[in-house]
Amino acid sequence: MDSVVALPEDVREQLARFEAAVASVEVGLEPLLAADRRDLEAQLTPLERAKVHVTLANAVSTLFCMYLKTVGLDPADHAVKMELERVELYRAKVDKIKA
């Protein structure tokens, strides 16, 4: 027997915002994911490639954090936290080179 649970209004609003955020990420990543990686990287300077790699690593780690939250786990207690810290170190290195 299927039972439908009525969600409180604030939970429905949070879920709608979450779904919109995920859709926005999908739309933003679509051009990058649709492109051939080798062709894309051939057009970039080494610094631009580094920026792309750092940004993608951050995006993937952040999406995984979102997943962990949806299954009730705290990302702060997961190894992904160390990965995000590592990515931030690389972002700082890229920013230092850029400056």
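What follows is a chat about how to read a predicted model of a single protein chain.

Reader: Let's begin with the overall layout. How many helices and strands are there, and in what order do the elements run?

Author: The protein chain has 4 helices and 0 strands. Read from the N terminus, the order is α-α-α-α. Keep in mind that this is a predicted model.

Reader: What about contacts between parts that lie apart in sequence?

Author: Take the contacts between residues at least 6 apart in sequence: 55% of them join residues at least 24 apart. L63 and V25 are 38 residues apart along the chain, yet their C-alpha atoms are separated by 8.9 Å.

Reader: Now helix α1. How do I judge its length, and where is the kink?

Author: For length, compare the end-to-end reach with the expected span. Helix α1 covers residues 9-34, which is 26 residues, and reaches 37 Å from its first C-alpha to its last, close to the 38 Å expected. For the kink, go to G28: the bend there is about 30°, shortly before the proline P31.

Reader: Salt bridges next. What is the general idea, and how many does a search of the whole structure find?

Author: Side chains of opposite charge can pair when their charged atoms come close. Here, a search of the whole structure finds 5 salt bridges. One of them joins the side chains of E9 and R12, at 2.3 Å from N to O.

Reader: Where do E9 and R12 lie relative to each other?

Author: Both are in helix α1, 3 residues apart, or about one turn of the helix. The general point is that an α-helix has 3.6 residues a turn, so residues three or four places apart point the same way. Accessibility is worth checking as well: E9 counts as partly exposed at 44%, and R12 counts as partly exposed at 42%.

Reader: Which other pairs have side chains that meet in a salt bridge?

Author: Two to look at are E41 with R37, at 3.5 Å from N to O, and R91 with E88, at 3.6 Å from N to O. R91 and E88 are separated by about one helical turn because they are 3 residues apart in helix α4, residues 80-98. R91 is partly exposed, with a relative accessible area of 24%, and E88 is partly exposed too, at 44%.

Reader: And E41 and R37: which is buried and which is exposed?

Author: Both lie in helix α2, 4 residues apart, about one turn of the helix. E41 is buried because its relative accessible area is 18%, and the cut-off for buried is under 20%. R37, in contrast, counts as exposed at 51% relative accessibility.

Reader: What else is E41 in contact with?

Author: Helix α2, residues 37-42, is the place of E41. Leaving aside neighbours within four places in sequence, E41 is in contact with R49 and H53.

Reader: One more residue, please. Is S61 buried or exposed, and what is it in contact with?

Author: S61 counts as buried because its relative accessibility is 7%. Its place is in helix α3, residues 46-70. With neighbours within four places in sequence left aside, S61 is in contact with V80, E83 and L84.

Methods: Residues are numbered from 1 along each chain as its sequence is written. This is a predicted model: local features need pLDDT of at least 70, side-chain atom pairs count only at pLDDT 80 or more; totals for chains, interfaces and linings use all residues. Side-chain values use heavy atoms; hydrogens and water are left out. Helices (H or I, at least four residues) and strands (E, at least two) are DSSP runs, numbered from the N terminus. The expected span of a helix is 1.5 Å times one less than its number of residues. The bend at a residue is the angle between axes fitted to the seven residues ending there and the seven starting there. Contact means heavy atoms within 4.5 Å. Buried means under 20% relative accessible area, exposed over 50%, partly exposed in between (1.4 Å probe, protein chains only). A salt bridge is a side-chain nitrogen of Lys or Arg within 4 Å of a carboxyl oxygen of Asp or Glu.
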